[in-house]
Amino acid sequence: MKPTVNNIIRLWFGADTPIKHYKIKLNPELWEVCQRVSQDFTPPSGAQMKENYRKSDKTSFARAVLDELDQLHEHAEESYDLAH
């Protein structure tokens, strides 16, 4: 699964189904980053529970996940470059 805003929104905010569990199993890094971001994420609307998030909150969350993924991959590339 490609890490896009829409895919992240569907994965994180979607109904708890066997298909969702399968996608989590196939994308453990993405799921882990979603979990990490969710711990410190404050939605722009100020909603307390993710069930009350607006579309803009979900989009903001997905962008935060993408930023975290980019940082992870940049760090991994830097580590690889230093090792070689």
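Predicted model: local features only at pLDDT ≥ 70, side-chain atom pairs only at ≥ 80, totals over all residues.
**Helix H3**

Helix H3 comprises 13 residues, spanning residues 28-40. From its first C-alpha to its last, H3 reaches 19 Å, which is close to the 18 Å expected at 1.5 Å a residue. Leu30, Trp31, Val33, Cys34 and Val37 are the buried residues of H3. Viewed down the axis of H3, these buried residues fall within an arc of 160°, so they line one face of the helix. An α-helix has 3.6 residues a turn, so residues three or four places apart point the same way. The exposed residues Pro28, Gln39 and Asp40 are carried on the face of H3 turned away from its buried side.

**Asn7 and Thr59**

Two further residues, Asn7 and Thr59, are located in helices H1 and H4 respectively. The table gives their relative accessibility.

| Residue | Helix | Relative accessibility |
|---|---|---|
| Asn7 | H1 (residues 5-13) | 18% |
| Thr59 | H4 (residues 55-83) | 17% |

Buried means under 20% relative accessible area; Asn7, at 18%, therefore counts as buried, and Thr59, at 17%, likewise counts as buried.

The side chain of Asn7 reaches the backbone oxygen of Lys2 at a distance of 2.7 Å. When residues up to four places away in sequence are not counted, Asn7 touches Met1 and Lys2. For Thr59, with neighbours within four places in sequence left aside, the contacts are with Val5 and Ile9.

Methods: Residues numbered from 1 in each chain as written. Heavy atoms only, no water. Helix = DSSP H or I, 4+ residues; strand = E, 2+ residues; numbered from the N terminus. Expected span 1.5 Å × (residues − 1). Buried < 20%, exposed > 50% of the residue type's maximum accessible area, 1.4 Å probe, protein only. Arc of directions from axis to C-beta. Polar contact = N/O pair within 3.5 Å; in protein donor to acceptor, adjacent residues only side chain to side chain. Contact = heavy atoms within 4.5 Å.
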